Every structure is written in structure tokens, then in C-alpha cells.
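Here are my notes on this one, point by point. Have the viewer open while you read.

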Amino acid sequence: MAVVCNYHPGTRATHKCDRCQRHFCLTCFPGAAANPAQWRERTLRCPICRRPLAECGPTPLARVLWERLGKLLRSLIHPVPLLLLGLAVATGLLLPQPHRWLLWPLCTTALLLAGLFPLLRRRAAPAAASPVPRKAPRGRTAVAGDTDRDDALSRVKILTIEGDYNGARRVLMDALRQYPNDPEVNERYYRLLLAAKDTRSLRELAPHLLEKLVRLDRAHKAAKFYLATNPRPAIDRSHLRHALAEALFRQRKFREAAQLLKNLHREDKHYRRLDAAYLLLARVYLEGLKRPGDAARLLQFLHRHFPQSPLARQVQALQQRLVNSRQPG
Ligand SMILES: [Zn+2]
Ligand SMILES: [Zn+2]
């Protein structure tokens, strides 16, 4: 029965680490899976202890022999060896009946010559090769970069499953240095801090990471992380509070959204988008928390302090809605 990967249940393992007693599949090594020709030349290393992995299944010798045979058969598909074999068969068949036995030695000789052909071709190849080095295909560096990142993320996942949070963190720090603006690497870092219950790091880093995720267009994820962090991180920057509150409103987390926005004018009266933030808070009160009185007070504040706001019409519309809802039906 085939051994399965420890990290991808149901997937046949291709490699194993005797030291860690763990099995791995190719999904564990996205870089190798994306470029099998290249990884065959270098040994895969254990994501946990970094020692070279042994292959599962057929022994390396059997695999090497199988590969050589395949290569030989492929190189025979060429006009010269095919012509040689064809000639031998034709000559043998044309011979008069008593000399037909010559067909076999003829074919064997032709096969031998055909077998030598790939060797001769290989010898001739360097001389025929162009002296100008070939350019690497376009975008290759980017692809290599992507697979490096994917390999790092896969390693982090495996180390996290193994409970080696420090190891996972080291790999992620390296990845972050290389890809500081990669949303997935940043997300994984936050998730690792949550999994490790690293309260101290979360207190220091959470606002910075959340801000980065918002900037990388992942406000939705940032809001989820914000909710999952206990105790909640203190967010000082108004624009981040606003962005998180918007995402929380969409996720129908009204209480948390209101918590972030209320009294914003006292803490940061110069906030550029205070009108938008308070219009959102009014909607949170009206549509989410069912507190029409608070919504009305906020709309009056907006009406008084931001008469020239481009949002004035929306403020008016919301006020009208409030009036309508108060009229006895
Ligand atoms: Zn796997
Ligand atoms: Zn290992």
C-alpha cells in the first residue's frame, strides 16, 4: 500500500525524512511541482530539519535506469536510425529464400549502429552549438520568485502543523524581507501570531500589519484578524479605524464598527474623511444597532459641521429616511 503525505491526506508520498519520520508529497514543494525538470537535478530538503530527503517508491537506481531507457528510445526517433533500421529490414526481406537467415544479423547490426547514433550526436552537439549564450526566457525570474514564495509558505504551514512556531516565524521573516508587500505572506504572518497566541508581538505588530493589509486591498481579511485578536489591538490611526469599520459594517459586525468610529472627532478633529466616517457610523446606528436617536444626533452634527461636504445629499437622504420611519404607519 502506498504511503501518504503527512500534510496532504490522501496524497501519495514521494519523499521521506528518516530523521523526522515524516512523509511528503510534491504539493509540499510547490516550486518542485511547478518545475519537475529542475528539481530532479537538486535534492529536496526536509521542510522541518533541512536535511536531504530520500525518495519513496522505486529505488533511485531503478528510476535512473528507467529514465535512461526512455531517453534512448526517444533519441532513436530520428530519420537516421529509423532509415538504418528500415534499410536492414528491406534488405533482409529482398534476400533470396535460402539467405533469409541473414535478416537477424543485419537487424542486430542496424540496431547497434542506431544505438550508437545518440552518442555520436551528443559528441557533435557542443561543436554545433551556438557560441552566443541563450537568453533566459522572459519572466523567468518572476516565476522563480513566485515558487520561492510558495515554497516558503508551504514550509511555514508544515512547521506550524508541527508546532514549531519559532521555525515558522523565521521562515516568514525571511519571506517578508523578500516580499514585503505580498498580501499572502503578511496574512500568514498574522495568522501565525494568532496560532502561537503571541500576545506581546500582536500588541506591537497588529496595527502595523492590519494597516498593511488594508493598503494591499485586504481590508476584509484585516477586519477578520482584528476580531480574532484578543485583546483587541489599539488602533490609533483614524484612516485605519475607518477602513476596518467599513469592512466590519459589511460583515455585519455593527458593535465593533461603532466602537472604532465613535468619538473620532474628539481624538482626531483634523481627520480628512471625518464626514464619511460619521455618515458610516450613522448607518451603523440606524441599520445595524437600531438606535435611531443616536443616528439622528450624528446626522445633525454632520449637517452643522460639514454643510459643504460632497456627502451632504447622502446625509439629507438618511435624515429623510429617519423622519419617514418615525411617522406612524
Ligand atoms: Zn504533502
Ligand atoms: Zn527532517
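1. Is Cys49 buried or exposed? Cys49 is buried, at 18% relative accessibility; buried means under 20% relative accessible area, exposed over 50%, partly exposed in between (1.4 Å probe, protein chains only).

2. Some ground rules. This is a predicted model, where local features need pLDDT of at least 70, side-chain atom pairs count only at pLDDT 80 or more, and totals for chains, interfaces and linings use all residues. Residues are numbered from 1 along each chain as its sequence is written, chains are lettered from A and ligands numbered from 1 in the order in which they are written, and side-chain values use heavy atoms, with hydrogens and water left out.

3. Back to Cys49, which through its SG is one of the protein donors of the zinc ion (ligand 2), together with the SG atoms of Cys17, Cys20 and Cys46, lying 2.3 Å from the ion. Donors here are N, O and S atoms within 2.8 Å of the metal (3.2 Å for Na, K and Ca); water is not among the atoms, so sites may look incomplete. Cys20, in the loop between β1 (15–17) and β2 (22–24), and Cys49, in the loop between α2 (36–39) and β3 (54–55), link distant parts of the chain, 29 residues apart. Strands (E, at least two residues) and helices (H or I, at least four) are DSSP runs, numbered from the N terminus. Cys20 is also buried, with a relative accessible area of 19%.

4. What about the geometry? The ligand 2 site is tetrahedral, with angles of 106 to 115° among its four donor atoms; four donors get that label if all angles lie between 85 and 135 degrees. The ideal value for four tetrahedral donors is 109.5 degrees.

5. The zinc ion (ligand 1) takes Cys5 (SG), His8 (ND1), Cys25 (SG) and Cys28 (SG) as protein donors, at 2.1 to 2.3 Å. Their spacing reads C-x2-H-x16-C-x2-C. This arrangement is tetrahedral because its four donor atoms subtend angles of 102 to 126°. Cys25 is buried at 1% relative accessibility, and Cys28 is buried at 3%.

How values were computed:
Four donors count as tetrahedral if all angles lie between 85 and 135 degrees; four count as square planar and six as octahedral if opposite donors are over 155 degrees apart and all others between 65 and 115; anything else is irregular.
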